[in-house]
Amino acid sequence: MKAAMSIAVALLLYEVLARSGVFAAALVPGLPAIARALWSMLADGSMLKHAGATLYRVALGLGLAATLGLALGVLMGRWRPAERFFMPLVSVLMPIPSLAWAPVFILWFGLGDVATILIVFYAASFPMVLNAWTGARAVNPIWLRAAGAMGARGAALFWKVVVPAASPFILSGLRQAFQRAWIAVVGAEMLAASDYGLGWVIFDAKEFLNADVMLAALAVIGAIGFVFERLVFGALERATVQRWGMLRLARP
Amino acid sequence: MQAPSRWRALAGGALPFVVVGAIWEGVARSGRFPPRLFPTLEEVARTFGRLTASGILPHHAAETLARLGAGFALAALAGIAVGLLMARSRSAESALLPLVSIGAPVPGLAYAPLFLLWFGLGNVGSVLLVGFVAAFPVILNTWTGVKTVKEIWLRAAQVMGAGERRLFRQVILPGALPHILTGLRLGLAQAWRILVAVEMLAAVPWGLGWLIFGAREFLDTDAMLAGIAMIGLIGLALEKLAFQPLERYTVVRWGMVSA
């Protein structure tokens, strides 16, 4: 209730500012103009197309990063030589922001989906690798020995002990990876997309001074991020680590 | 006895880079890709040396660092101020918290074109954007830090006769410090990740992001890779000189995570 109040007050302040005429209406459009832009883009289906393109890129980049990052991270956590080989590479590549690669990827793969997906992949893979690595190392050795004494070997040990034990870390890795991916996809679309995508809409609207379209797309970006963060990952967390009673372990 | 093992560790650390470098070199020399697009490491190194010697690369790097410093300083000052305000005043909290929690998860770059429209291309827009984006983790962590200061410390200090000011300076601030430092660390990392992209979009005259983006127009792949190498070096230096010492100082020392 209070939250709704404060949002309403903020919106009201914005509207007053927009109508005061201090700033050009083209730069600071009123709320009705933004709502109209959002509605017309929703009605003609173009916003859905843009959001679909963005989600497709995130899904592919994040899916790739999650799969490869999980495999590499667990391998590094359980096998010393892999850790010694990949850790220096990871720590050198990690501080390079994914968007710094954008011009290189554009040059190599052209404008469009491939470059965008690779940028998302680059951004999302590091949190995944690091968290899976930490998780695989944090498995309580007593569980491993107990399971071993009860006759678990190889694949059973891996799937029934190592993965559940590492799952809080893996899940928080996935969450961080999504946040990074969501930032990266918007930037990548501004730089590398050529026709569709929420980031591209914002950037393209700037050329025509369509601040209402920019703000409408911004609202959609915020809403999708919010839905994923709260609903998808919240539900995922409840269905897995909370049910297994592992959450305490993840957040000391 | 020491020396051989140190050499061995060095060789072990260099091995991954040698392997990746050899693969790169093999692909570059195989002639499958045009050398303009896929230069050999030797060329990248030569370009890096040439650009460094002529002062171009250091100039770009200095401008990028200045922007990072300005944006981060803005984020730190505003973030800590807002965070403290929210934690100390109930009404400020209920007014600001919903806005901050809506604003924080929106990718900062989505604001970039708006900021450029409002504040123009160049330094003002990009520094403000970096500061704005980096302020969110600082705000949230400062707020959490002050809110989670142990009640018993406050009461103990009050019983011992600490006034409002002393309570704030000697109990609340030190108690919240680990959280505030964590927020600063996250904010700096956020600022760094976004700055390079902002430089590409904002058409600033100097800056590593602009160097890379501009070099694309001329198919100057070796200059782009030299710029990325410089970005990697700065990022690594930030990691070693800022993030890791801060982490050691805060979470490890306070016993929140074992080293």
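Which residue follows α5(A), and is its phi positive or negative? Select A:Gly110: this residue comes after α5(A), and its phi is positive, near 80 degrees. Helices here are DSSP runs of H or I with at least four residues, strands are runs of E with at least two, and both are numbered from the N terminus.

The model is predicted, so local features need pLDDT of at least 70 and side-chain atom pairs count only at pLDDT 80 or more, while totals for chains, interfaces and linings use all residues. Residues are numbered from 1 along each chain as its sequence is written, and chains are lettered from A and ligands numbered from 1 in the order in which they are written.

Step back into α5(A) and select A:Ala102, A:Pro103, A:Val104, A:Phe105 and A:Ile106, which are buried (20 or more other C-beta atoms within 10 Å of the residue's own, with C-beta atoms placed from the backbone).

Next, show the interface. Here 42 residues of chain A are in contact with 43 residues of chain B (C-beta atoms, placed from the backbone, within 7 Å). On the chain A side, the elements giving two or more residues are α1 (2-19), α4 (80-93), α5 (102-109), α8 (154-192), α9 (198-207) and α10 (211-242).

Along its principal axes, the C-alpha trace of chain B spans about 75 × 60 × 30 Å.

How values were computed:
Contact = placed C-beta atoms within 7 Å. Buried ≥ 20, exposed ≤ 12 C-beta atoms within 10 Å, placed from the backbone.
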